[in-house]
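Let's walk through a structure together, one question at a time. Keep the picture open while you read.

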Amino acid sequence: MIAISHLTMRLSGGGHQITVLDDITLEIPKKQRVAIVGPSGSGKSTLLGLIAGLDRPTSGSIKLDGAEISTMPESVMARFRREKIGYVFQSFHLIPTLTAVENVAVPLELSGDVTATDRAVDLLRAVGLGDRLDHYPVQLSGGEQQRVAVARAFACRPPILLADEPTGNLDSVTGAAVIDLILNLHRDHGTTLLLVTHEADLAGRMERIIALRDGRVEKDELIG
Amino acid sequence: MGFAVRMAWREMRGAWRHFFYFFSCIAMGVGAVVAIGLFASNVERAVTREARGLLGGDVEVRVSHALSEVGQTVLQSVSSRGVVLSHASELVAMAATVRPQPSGLVTQIVELKAIDINYPLYGSVKVDPSRAVTDLVAPPASLCRAIPESHGPENLPLASALSPVGRGSGEGETCYGAVVQESLLIRMGLSIGDRIKLGQAQFVIAGVLKTEPDRMANMFSLGPRVMISRAGLEAAELVKLGSRVRHRYLLKLPASVPVQPLLYELRGRLAGESARVSSYRDAQPQLKQFLDQLARYLGLVGLTALFVGGIGVAMTVQAFLKGKLQGIAILKTLGAESRTIAATYLLQAIVLAAIGSLAGVALGIGLQTVLPRALAGMLETDLLDQVEFSSTLSTASLPPILKGIGLGLLTTLLFTLWPILEVRKIRPVMVMRRAFLASEANPAKLSEGRRIGLAAHWPRLDLPKLLTAAVIVAGLAGLAMWQAGSWKIGLLFLAGLLAGVSGLLLGATGLIRLLKLLPVPRIVSLRHAVGNLSRPGSQVAGIVTAIGIGVMVIATVSLIERSLVQQIGEKRPADAPTFFFIDIQPDQAQGFARLIHSRTGEPAPQLTPLVRSRLHSVNGQRVKTEEDGEKERETKDEQRRSWYFTREYVLTFLETLPKDNVVTRGAWWTRGQAFPAPLVSVEEEAAKHLGLDIGSTVTFEIQGATITAQVSSIRKVEWGNFSTNFYMVLSPGALEGAPFTYVATVRVPPQDEVSLQQAVVAAFPNVTAINIGEVLDSFARILDRLSLAIRAVALFCVGAASLVMVTALAATRYRRLYEAVVLKALGATRGLIARSFAVEYALMGTVAGVIGIVLASSLSWAALRYVFDLSWSLQAGLLLIELLAAMLLTLAIGFLSTYRLLGMRPLAVLRQE
């Protein structure tokens, strides 16, 4: 499903270069649940961002479903992203000017789905927010916002779901509920799941743990 | 597209308040353009509707002498076809009081018009008391009897001997009446029922003239109108051989007689009369052209206001998008393409522009009901009343309204395309800037994403951007040409505007550079002001450009006006004459010279003989005098050329070369030279346009007779020297036997002006005294009114500029607020913060003002040099005032938009952080 080879990411700024990811090669099969762990600054989020095509690597290749994304033109990448990838951010990143249901509908609308709003309503009901449809992000609690974000990420039934510390901004009870939600959806939809976290408990609920340190793969083990 | 529409709506629904400045900026400019456009279209409509009234008939035959018997017969013959004829004579004359006022005899130059019983053929003359004007100029005997007997004969023996007025015996004696403009009553201290003397006759003032349909809408007039009967004119004995008078024979055609054939017939049959025959259709272009040009120039000033507003729009969009960075990045992570997002924001811009334009149209409609009254003051005659102008909207109002909306939309598009294109640069990774970029420390990348809008540097070969730039420039040019109605003026306007904007942008960046180079000031408030100005993303450039353009427009107009007034008025040569006395008859010449000599003590004034003529043929080729009404003359050059061929030439003969004349080719005749055939010396420009060279022959037509002269020299003439100057000077003896009159220039000290004029009018009632000082004063008044009108529209530019500044400050409001409270938390006083704001605004205003007046000086220099052919002089006082005004304006606007920040409590603000 995801094939990464010799992936390197260097950023230049303030006169010197920083190597964020250093020659990473990984293979992630379909439907696998993977945790990416590592200390702050180890390159976890960068790796996830590159897989989502949010930025271009300095060198190396990333293939999703056999398609090379590192050289894809921006507009092609945008379309590819909305079909293949769902993304959940640590800080939710809902669009503040849109209501909950509109936020969820955005990717569906972008794909030209005429039933976008109905589907979005269904999705929100499924994550338990049937009574919060027309609320704006500021009117929702953190947990509720993240559940909207999860619904949004799953809206187009993407084969790959990327979650970047989805519980990082939530208290433990709320966080657990969001994780349950993600895992349920993963199970129901057969999604490949990559989850960045630094919580050992959460990592333990995955099938595989990839540990990064200083931009390199320090450990890669299958568990459970 | 569907997504873009939905997103655009969702984004706008909660943000109306943020867009207030956006549509205010557009509304301001569109309002100005629409108001001017509506006014112009209403005037044109009224003028077209009243075309016959403005000419005074369907056809006009105009001659500078009474028609010959043959000519009279021609007109009589057409009247048998049901054509109604009216004869009006117009001339300049002197009016005098009959009863001496405390200050002595009051004399006043007037524009006299003698009418017959059929006047007016079209339109209506409004008079107070409201009776037919023809009745008032021939008042009933009762009114004449009412005049007391006591005055007259003793005081004015000559007049009483010749005039039947005031005898009051009621034995069927003629009594003359006059209808006058109110200004005459005011200037001469008279009221209805009083009498005035014109030439050799006395007239009872029977009414006040309110509107006169066919008084040509001149900006310029020598004096108030006085209307009398033809019999009255005859009795006044003002029209003598060679007098300066305009005879207008007006024809009203019955429906059965078409205009055009009759026009051609009359042109043919009256060819020997030096007559100008025109139809009501031909008479319009002049007036229309004047109003058209005025509307166009005012329109360009309006367009400038719109462009200044465009800067505000660009800034609003820039600030708005800055706040949307995160949202845009999120949309991109969700798979939205740049194109879709750009479309979303472009749609919003269009919707807002449409709302702004509609508000502008409403503003324009409101203004155009006020504007006519303001502009009407520019014309000496009340043109608007004359044509029964109304501000009501009609289908003809649609084009200017649609044009205003079009201009609003296009301007918005032009000014928002660039910032919106920057959307493409936002990368989806921006969404993780806190988690990703911030932690992994890459300020360079972050700022790249942040750099949105006009401040962004030119990317290498960014094709869409280059295309957009080209579209923007082409669009601006198109808009300017559309408004100017001429590609040449449009391009000139755009070139001036672009030069102005680049000058201002350079100045603004120069200021920032300079501030960075200077050592950090020690005074805290100064340090903060400088910091605010030179920080990255400061709004200095936009504010300075907007305010600077406003200053530039207003200062240019006032500089040109001031220079013109100075050059023609104050810089008059010391030996410039006080009076031109015209229409001195040959038999009055000696007596006139004696009178002047005895009154002034100076040697007798030089009398210059004048003969009125038209060109008959040039080098044997007959000059076509009839105007081709249907064919529009395309270029200005052609118009000018035709003017040289068809104008009236005042001829003279002189022994010596007039003062300030320089012979450039050929030679002036020598003393004692014999002239077997007449020679003529031609003015340079006239020679060029008429195609004359040494040896060419010119034939003049003087009241039916012709005289041919050979060109012996070409002269350059200093027209501005306040002497009698001539296009054509003939050799001595050439005009023997022609009906000439004399003109004299006389110079007296100011305190003797009135008494000299009184003496001349008393002794020679037919001689008209034109006071140069008064003429120049009225010219200055016209300039003043014109300049005022343009400056009034220019105020829209300043209004738009102020809005831009408010917009810019609103965009930085949060940053300022945050800074202010942090400073306060650190112990700064409210006064210190206020001072630092003041220094910042004043600096911006000063830079904008300085560059604005420098630009205005160069623009006015160019205009004076190339358009008016005058030299430029530094107007230090005026420039200083403009500069000060610019500074105070920025200070005032700055404070009005930010004073509330000063009172904020730190804790309340910081807690929100």
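Two strands pair if DSSP finds at least two bridges between them. Helices (H or I, at least four residues) and strands (E, at least two) are DSSP runs, numbered from the N terminus. This is a predicted model, where local features need pLDDT of at least 70, side-chain atom pairs count only at pLDDT 80 or more, and totals for chains, interfaces and linings use all residues. Residues are numbered from 1 along each chain as its sequence is written, while chains are lettered from A and ligands numbered from 1 in the order in which they are written.

Q: In S14(B), which residue is the bridge partner of B:Arg612?
A: Start with strand S12 (residues 607-618) and strand S14 (residues 648-653) of chain B, which pair in the antiparallel sense over 4 bridges. Looking across to S14(B), the partner of B:Arg612 is B:Val650.

Q: In S19(B), which residue is the bridge partner of B:Phe653?
A: S14(B) also pairs with strand S19 (residues 728-730) of chain B, in the parallel sense and over 3 bridges. Strands of a sheet pair through backbone hydrogen bonds, either parallel or antiparallel. In S19(B), B:Phe653 has as its bridge partner B:Leu730.

Q: Which strands stand at the edges of the open sheet in chain A?
A: This sheet of 6 strands has mixed pairing and the order S6-S7-S8-S3-S9-S10. From one strand to the next, the twist averages 15°. Two strands of chain A have a single partner strand each, so one side of each is left without a neighbour in the sheet: S6 (85-88) and S10 (216-222).

Q: In S7(A), what is the bridge partner of A:Val88?
A: S6(A) and strand S7 (residues 160-164) of chain A run parallel and are joined by 4 bridges. In S7(A), the residue bridged to A:Val88 is A:Ala163.

Q: At about what angle does helix H1 of chain A run to S8(A)?
A: Angles run from 0 to 180 degrees between N-to-C directions, and axes are lines fitted to C-alpha atoms, for helices over the stretch in contact. Helix H1 (residues 44-51) lies across S3 (33-37), S7, S8 (192-196) and S9 (208-213) of chain A, and its angle to S8(A) is about 150°.

Q: What is the radius of gyration of chain A?
A: Chain A has 7 helices and 10 strands. The radius of gyration is taken over C-alpha atoms, and the globule rule is 2.2 Å times the number of residues to the power 0.38. For 224 residues that rule gives 17 Å, and chain A comes close to it, so it is as compact as a globular protein of that length, with a radius of gyration of 17 Å.

Q: Where does A:Glu165 lie?
A: Phi of A:Glu165 is near 45°, a positive value in a residue other than glycine. To find it in chain A, look in the loop between S7 and helix H6 (172-189).

Q: How are H25(B) and H28(B) oriented to each other?
A: The axes of helix H25 (residues 772-811) and helix H28 (residues 876-902) of chain B come within 10 Å and cross at roughly 40°. Angles under 35 degrees count as roughly parallel, over 145 as roughly antiparallel, 65 to 115 as roughly perpendicular and the rest as oblique. H25(B) and H28(B) are therefore oblique.

Q: What is the handedness of the crossing of H14(B) and H17(B)?
A: Helix H14 (residues 398-421) and helix H17 (residues 463-484) of chain B have axes that come within 10 Å and cross at roughly 160°, so the two are roughly antiparallel. A crossing is left-handed if the near helix is turned anticlockwise from the far one by less than a right angle, and right-handed if clockwise. H14(B) passes H17(B) in a crossing that is left-handed.

Q: Where is the place of B:Pro120?
A: A cis peptide bond, with omega about -10°, joins B:Tyr119 and B:Pro120. In chain B, the place of B:Pro120 is in the loop between strand S3 (107-115) and strand S4 (126-128).

Q: Where is the place of B:Pro129?
A: The peptide bond from B:Asp128 to B:Pro129 is cis too, with omega near 0°. In chain B, B:Pro129 sits in the loop between S4 and helix H5 (133-137).

Definitions and conventions. Contact = placed C-beta atoms within 7 Å.
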